[in-house]
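Please consult the sequence and structure shown here while reading.

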Amino acid sequence: MTKLETSLLDLLREDCRLPLEKLAVMTGASVEEVAEAIDSMEKRHIILRYSPMINWDLTDRERVEAMIEVRVTPQRDMGFDAVARRIYRFDEVKSVYLMSGSYDLLVLVEAHTLKELATFVASKLSPLEMVTGTATSFVLKRYKEEGVVFENEETDRRLVISP
Amino acid sequence: MNYEQYLNRRIASVPPSGIRRFFDLASSRKDAISLGVGEPDFKTPYLIRDAAINSLVDGETQYTANRGLPELRQEIALYLNGRYGLSYDWSTQILVTIGASEAIDIALRALVENGDEVLVPDPSYVSYAPGVTFAGGTPVPVTTFQKDDFRLTAESLERAVTPRSKLLILPYPNNPTGAIMEKQDLEKIARVVEKHDLLVISDEIYSELIYDGHTHVSFASLEGMYPRTITINGFSKAFAMTGWRVGYACGAEEIISVMNKIHQYAIMCAPRQGQVAALAALRTGRENGYESILAMRDSYDRRRRLMVSAFREMGLDCFDPFGAFYVFPSVSRTGLSSEEFCSQLLQEKDVAAVPGTAFGPSGEGHIRCCYATAIDKINIALERMADFVQHHL
C-alpha cells in the first residue's frame with residue numbers, strides 16, 4: 001500500500017462521491033495518479049464496491065436482522081472455509097465471520113419478516129450436516145455501525161467564532 | 001455610580017477583542033457555516049476522556065501540586081525530549097497551567113516591568129499584545145508579510161528592537177496565518193536575540209499540526225537559545241482538548257519558580273481531571289506512536305489542500321500555510337477591507353470567516369479561514385465564497 005492509497009481509502013470511506021479532482025487536491029497527487037490508484041485498488045479487490053450507509057429504521061421497509069452463533073464440525077483438509085462457503089452462499093446471509101471463543105462462525109442474516117428468518121434457520125442453516133448447533137439473537141436496534149452513529153445527529157458545540 | 005474612576009486605567013484602555021464584535025454578528029445567523037472557529041473539530045479521543053471519567057469515579061477531586069501532577073510533568077519532560085530534543089527537569093523546570101493562555105499571561109507578568117518593550121509578530125494570536133499591556137509593558141508589533149510567507153525575518157525584528165526591548169514572543173506555527181518557521185529561519189532570529197540579549201516566549205501550541213513533510217523545530221533546541229527561552233505548549237490543539245484547559249511552560253528554574261509564585265497565588269493548580277486526561281494523552285501517545293495525532297494531522301492536511309486550492313481558483317492570493325489549521329488568503333483584489341469582506345460574506349452568503357485585522361493591523365487585506373470543519377461543509381462554504389468573490393472581482 002502506498003501513502004496515496006491509504007489516504008484515498010480514508011477519504012472514500014467517509015464519502016465515496018468525492019470527485020477525482022477534489023481527491024487529487026486533498027492528497028497532493030495528480031488526477032491521473034488518483035484514478036490509477038483507485039483503479040488498482042479495485043483490481044486488487046481492496047475496494048469492492050461503493051455503497052451508502054443506510055439507516056433502514058427510517059425507511060418503510062420491513063426488515064429483520066439476526067446474529068446467529070453457529071457451531072460446526074470443520075471439514076477435513078478444508079477447515080472452516082468450506083463450511084463458511086456453504087453458509088455465505090445463501091442470499092439471506094449478509095456477513096460471515098470465523099470467530100475465536102465458544103462458537104465458530106458468526107452469521108449475520110437479514111430477512112423481511114420474522115417468519116422468513118425463522119424458516120431460514122430451521123430449514124436451511126441447521127440441517128447442514130456440519131452444523132452442530134445454532135443460537136439466534138435478533139437485532140433490536142442499531143446504535144453505531146462502521147463508525148457511524150445512528151442516533152440523533154451530534155451537534156457542533158464549538159463557538160461559531162473563537163480566537 | 002461612575003465606575004470609571006475605580007477601574008484600572010491600563011486595563012480599561014485595552015480595546016475589546018476584534019473577534020468579539022464578529023462573534024455577536026455571526027451568532028445571530030443560525031444557519032451560517034463557520035470557518036471562524038479556532039479549535040479542532042475532533043472530540044478528545046475517547047481513551048483520554050475515559051481516563052478523566054475514571055478519575056472522577058475514583059473520587060479524585062482534590063487539588064494537585066501547584067506545578068501539576070508529578071506523573072504529568074514527568075510525561076511532559078519525556079514528550080518534549082522525544083519529540084523536540086528538549087531536556088527539562090520535571091521537578092523544577094515544568095509548570096502545568098490552565099491552557100497555554102495562562103502560561104503566556106504569567107510568563108509576561110513574571111518578566112515584564114513598566115516600560116519594557118515586548119516584540120510581537122503581527123498578525124498574531126489576539127492575547128499577546130493585551131497580555132503585555134496588562135503586565136505593564138509596551139507591545140511592539142513586528143510586521144510579517146505574505147511575501148515572506150508570514151515568517152518573522154531577522155531584518156524586521158532588528159528594525160523593531162530598541163534599548164527597551166526585553167522579550168520576543170515567537171508564535172509558530174502561527175495563528176492566524178498558518179505560517180511556520182524552519183530551522184534556518186529560527187537561526188537568524190536566534191542571532192538577533194543573542195545580539196540584543198533578549199528572552200523569548202516560544203508559544204508552540206500548534207507544534208504537532210505541521211504538514212507536507214515539514215517538521216517543527218523548538219526554538220529552545222537551537223544553540224544558545226535554551227537558557228533564553230520559555231517554551232509554551234499544551235494539549236488543546238494536538239489532542240483536541242481545548243475545553244480541558246491544560247497547558248504548560250518550561251524554562252529556566254529561576255523563571256519557572258517566579259511564574260509558579262503567580263500561579264500558586266492566583267490559580268492554585270490546573271484542574272485535576274484535565275491533568276489526568278493530559279497524562280493519559282501523553283502516555284498512550286508514547287505507547288502507540290501518537291497515532292491519534294497522526295490521524296488528525298492527515299485529516300487536517302487534506303482539508304488544508306482543498307481550501308488553499310479553492311482560494312487560488314477563486315483568484316485570491318493564498319500562500320501555502322504549512323502549520324496550524326488556518327488559511328490566510330488575501331482578499332484585497334476584491335477591493336473590500338477584511339472587515340467589509342467578512343461582514344458582507346456573512347450577510348450575503350452565510351459563511352463566517354474572521355477578518356485578518358482581528359489579529360493586528362497587518363492582517364488587513366486578509367481573512368482567516370479555519371479548515372477544522374467537515375469536508376462537506378467546507379465545500380459548501382467554498383462554493384458560496386467563490387460566488388461572492390466573483391461578484392466582487
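Two strands are taken to pair if DSSP finds at least two bridges between them. Helices (H or I, at least four residues) and strands (E, at least two) are DSSP runs, numbered from the N terminus.

## Basis and confidence

This is a predicted model, in which local features need pLDDT of at least 70 and side-chain atom pairs count only at pLDDT 80 or more, while totals for chains, interfaces and linings use all residues. Residues are numbered from 1 along each chain as its sequence is written, and chains are lettered from A and ligands numbered from 1 in the order in which they are written.

The model has an ipTM of 0.83 and a pTM of 0.91. For chain B the average pLDDT is 96, and 100% of the residues score at least 70; pLDDT is the predictor's confidence in each residue, from 0 to 100.

## Strand pairing in chain A

Strand β1 (residues 64-72) of chain A runs antiparallel to strand β3 (residues 105-111) of chain A, and 7 bridges join them. Within β3(A), A:Ala111 is the residue opposite A:Val64.

β3(A) also pairs with strand β2 (residues 93-98) of chain A, in the antiparallel sense and over 5 bridges. Here A:Ser95 lies opposite A:Leu108 of β3(A). The hairpin of β2(A) and β3(A) has 6 residues between the strands, and A:Gly101 in this hairpin adopts a positive phi near 110 degrees.

## Domains of chain A

Chain A is divided into domain 1 (3-43) and domain 2 (61-141), with bounds that come from an automatic or database domain assignment. The centres of domain 1 and domain 2 of chain A, taken over C-alpha atoms, are separated by 36 Å.

## A sheet in chain B

Chain B contains an open sheet of 3 strands in the order β9-β12-β11, with antiparallel pairing. Its edge strands are β9 (326-327) and β11 (354-355) of chain B, each of which pairs on one side only. Between β11(B) and strand β12 (residues 367-370) of chain B there are 2 bridges, in the antiparallel sense. B:Pro355 is placed opposite B:Ile367 in β12(B).

## The interface between chains A and B

Contacts (C-beta atoms, placed from the backbone, within 7 Å) link 15 residues of chain A with 22 residues of chain B. On the side of chain A that touches chain B, the elements giving two or more residues are α1 (3-14) and α2 (20-27) of chain A. The largest share, 4 residues, comes from α2(A).

By type, that side of chain A comprises 7 nonpolar, 4 polar and 4 charged residues. Ala, Val, Leu, Ile, Met, Phe, Trp, Tyr, Cys and Pro count as nonpolar, Asp, Glu, Lys and Arg as charged, and the others, Gly among them, as polar.

Technical notes
Contact = placed C-beta atoms within 7 Å.
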